[in-house]
Amino acid sequence: MHEQQFEELLTSVKDMGKHMRGEPINVRVREFPEPDVKAIREKTGLTQTGFAYLIGVKPKTLQNWEQKRVRPAGPARALLKIVEANPDALAAIQA
């Protein structure tokens, strides 16, 4: 390991210790808004079952997202952003 990499790792570990003790650290925090899954689905005009099928999740998962019991993560969030920007994208899949 190079000295610079070691120093960055050591700084990171020290920052983690400060964070765990509640001490302030100099970091950037990015906030990503939660997708409004129900509104996105409603824009498509699909039922919960139909929408869930087209995006590849179980209807119960979709219900949990819509009721904010569970948050969609990773690829699901990306797909929801695409559908939000272009609700007709799912219509192309349906055809």
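Student: Let's start with R77: is it buried or exposed?

Tutor: Keep in mind that this is a predicted model. Buried means under 20% relative accessible area. R77 comes in at 17%, so it counts as buried.

Student: Which residue does R77 form a salt bridge with, where the closest N and O atoms are 3.3 Å apart?

Tutor: A side-chain nitrogen of Arg has to be within 4 Å of a carboxyl oxygen of Asp or Glu to count. Here the closest N and O atoms sit 3.3 Å apart, and the partner of R77 is E34.

Student: How many residues apart in sequence are the parts tied together by R77 and E34?

Tutor: R77 is in helix α5, while E34 is in the loop between α1 and α2. The pair therefore ties together parts that are 43 residues apart in sequence.

Student: And which residue is linked with E34 and R77 in a network of salt bridges?

Tutor: We've already got the pair of R77 and E34. The network of salt bridges also takes in R71.

Student: Moving on to R41 and E66: which helices does that salt bridge tie together?

Tutor: The two side chains meet at 2.5 Å, N to O. R41 is buried at 10% relative accessible area, and E66 is buried too, at 12%.

Student: How is α2 placed relative to α5: oblique or roughly parallel?

Tutor: Helix α2 (residues 37-44) and helix α5 (residues 74-85) pack with their axes 9 Å apart, at an angle of about 45°. Angles under 35 degrees would count as roughly parallel. At about 45°, then, α2 is oblique to α5.

Student: Is the crossing of α2 past α5 left-handed or right-handed?

Tutor: We've got the angle of about 45° between them. As for the hand, α2 passes α5 in a crossing that is left-handed.

Student: Last one: how much accessible area does the nonpolar patch on the surface have together?

Tutor: The patch is formed by L9, V13, M16 and M20. V13 is in helix α1 (residues 3-20), and at 45% relative accessibility V13 counts as partly exposed. Together, the four patch residues have an accessible area of about 420 Å².

Technical notes:
Residues are numbered from 1 along each chain as its sequence is written. This is a predicted model: local features need pLDDT of at least 70, side-chain atom pairs count only at pLDDT 80 or more; totals for chains, interfaces and linings use all residues. Side-chain values use heavy atoms; hydrogens and water are left out. Patches are made of residues with over 30% relative accessible area and no salt bridge: like charges are joined within 9 Å, nonpolar side chains (Val, Leu, Ile, Met, Phe, Trp, Tyr) within 5 Å. Accessible areas come from the Shrake-Rupley method with a 1.4 Å probe; for residues, only the protein chains shown count as cover. Helices (H or I, at least four residues) and strands (E, at least two) are DSSP runs, numbered from the N terminus. Buried means under 20% relative accessible area, exposed over 50%, partly exposed in between (1.4 Å probe, protein chains only). Axes are lines fitted to C-alpha atoms, for helices over the stretch in contact, and angles run from 0 to 180 degrees between N-to-C directions. Angles under 35 degrees count as roughly parallel, over 145 as roughly antiparallel, 65 to 115 as roughly perpendicular and the rest as oblique. A crossing is left-handed if the near helix is turned anticlockwise from the far one by less than a right angle, and right-handed if clockwise.
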